[in-house]
Amino acid sequence: MSYIFEALQRAGAERAGGSRPEDADSVADLLRGVEQEIERKQSLSELPAATTRAESPEAGTFASAKVLLPALPADARLVCLTDQGGLAAEKFRVLGLKLRHLRERRKLKRIVITSSVPEEGKSLIAANLALNQSRSKILNAVLIDGDLRRPALASRFGFHRNLAGLSEVLRGERQLSDVVYKLEGSGLWFLPAGVTPENPIELMQSGRLQQLLEQLETFFDWIIIDTPPILPLADTPLWMKLADGVLLVTREGVCDKKLLGRAVEVIDRSTMLGVVENSCSSNEQKYYSRYSSAAANGKESSAPASES
């Protein structure tokens with residue numbers, strides 16, 4: 001099983017033939033250079049037809065979408081919005097780059113973020129990944145709260161948890177264009193879970209979910225879906241059947257090996273993108289701080305690479 005998060009210093013080796021920018025004095029500069037290179041290729045239509053840029057949301061169905069200003073709670077931990085220069089945000093940049101590289105070889109728009117059991121941080125990972133992907137000037141992203149039982153994303157952004165969303169669309173009470181919101185200051189679009197239904201599985205099997213995702217694919221290049229844990233619910237397998245790729249989040253000290261193994265068995269190997277290890281023990285923060293400080297002073301850091 002491969003881990004998505006690897007040493008930051010390895011990012012440069014995965015640039016598909018690109019070269020290090022001459023002015024790259026820090027890890028952040030290096031990653032920004034790689035992102036710009038990938039965006040340049042995408043803008044020149046060098047990607048397969050299945051992964052070319054979608055029509056701009058502002059020009060189509062979502063032109064009149066509501067713009068919401070996030071009121072982040074103190075424990076939101078949305079580092080890709082509030083601390084873009086920190087180590088955690090750098091990690092999400094590495095993850096985002098890996099996903100962009102995969103898009104050069106396969107269709108990859110619908111990405112399910114899930115976990116084996118509750119409390120492993122899947123919603124946090126989904127939100128930060130979506131925020132990172134929304135930074136692109138070429139590709140746009142929408143974040144879906146697909147956990148109809150215990151939705152968490154609306155509250156994480158500081159909105160009311162019953163903000164109309166996915167449930168209302170699946171019940172036929174709202175149009176999709178009425179419940180996809182633009183988050184001010186981030187470039188991210190957001191489809192909340194809506195009011196919790198009595199029977200989520202029955203609602204998801206109504207036949208509207210596939211149509212909803214196809215409609216979103218017309219306007220968005222990245223569709224990041226936060227789903228319930230795999231065990232013991234049946235919701236996530238339904239989402240995974242509609243996904244191009246699945247990221248499994250595991251948290252040190254929360255999920256044991258046996259449960260993790262059971263969760264991996266449920267995921268189709270053709271859609272398994274990798275594992276994100278959350279809250280792992282590491283000395284990377286110390287090395288990153290030393291590296292960044294040295295780069296800011298125009299010096300080369302002597303800190304060794306650290307793996308996560």
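**Helix packing, core and loops**

Me: Which residues in α4 do Phe92, Arg93, Leu95, Gly96, Leu99 and Arg100 in α3 meet?

Reply: This is a predicted model, in which local features need pLDDT of at least 70, side-chain atom pairs count only at pLDDT 80 or more, and totals for chains, interfaces and linings use all residues. Residues are numbered from 1 along each chain as its sequence is written, and side-chain values use heavy atoms, with hydrogens and water left out. Helices (H or I, at least four residues) and strands (E, at least two) are DSSP runs numbered from the N terminus, and contact means heavy atoms within 4.5 Å. The α4 partners of these α3 residues are Ile125, Asn128, Leu129, Asn132 and Gln133.

Me: How many residues of the contact of α3 with α4 are charged?

Reply: Asp, Glu, Lys and Arg count as charged; Ala, Val, Leu, Ile, Met, Phe, Trp, Tyr, Cys and Pro as nonpolar; and the others, Gly among them, as polar. In the contact of α3 with α4, five residues are nonpolar and four are polar, while the charged ones number two.

Me: At what angle do the axes of α3 and α4 cross?

Reply: Axes are lines fitted to C-alpha atoms, for helices over the stretch in contact, and angles run from 0 to 180 degrees between N-to-C directions. Those of α3 (residues 87-103) and α4 (residues 122-133) come within 9 Å of each other. The angle at which they cross is roughly 70°.

Me: Which residues touch the most other members of the largest nonpolar core?

Reply: A nonpolar core is a set of buried (under 20% relative accessible area, against exposed over 50% and partly exposed in between, 1.4 Å probe, protein chains only) Ala, Val, Leu, Ile, Met, Phe, Trp, Tyr and Cys residues joined through side-chain atoms within 4.5 Å. The largest such core has 80 residues, and the most other members are touched by Leu143 and Leu216.

Me: Is proline 192 buried or exposed?

Reply: Proline 192 lies in the loop between β5 (188-191) and α8 (200-204). Beyond its neighbours within four places in sequence, its contacts include Asp145, Leu163 and Tyr181. With a relative accessible area of 1%, proline 192 is buried.

Me: What is the accessibility class of glutamate 119?

Reply: Glutamate 119 is found in the loop between β2 (110-115) and α4. Its phi is near 70°, a positive value in a residue other than glycine. At 54% relative accessibility, glutamate 119 counts as exposed.
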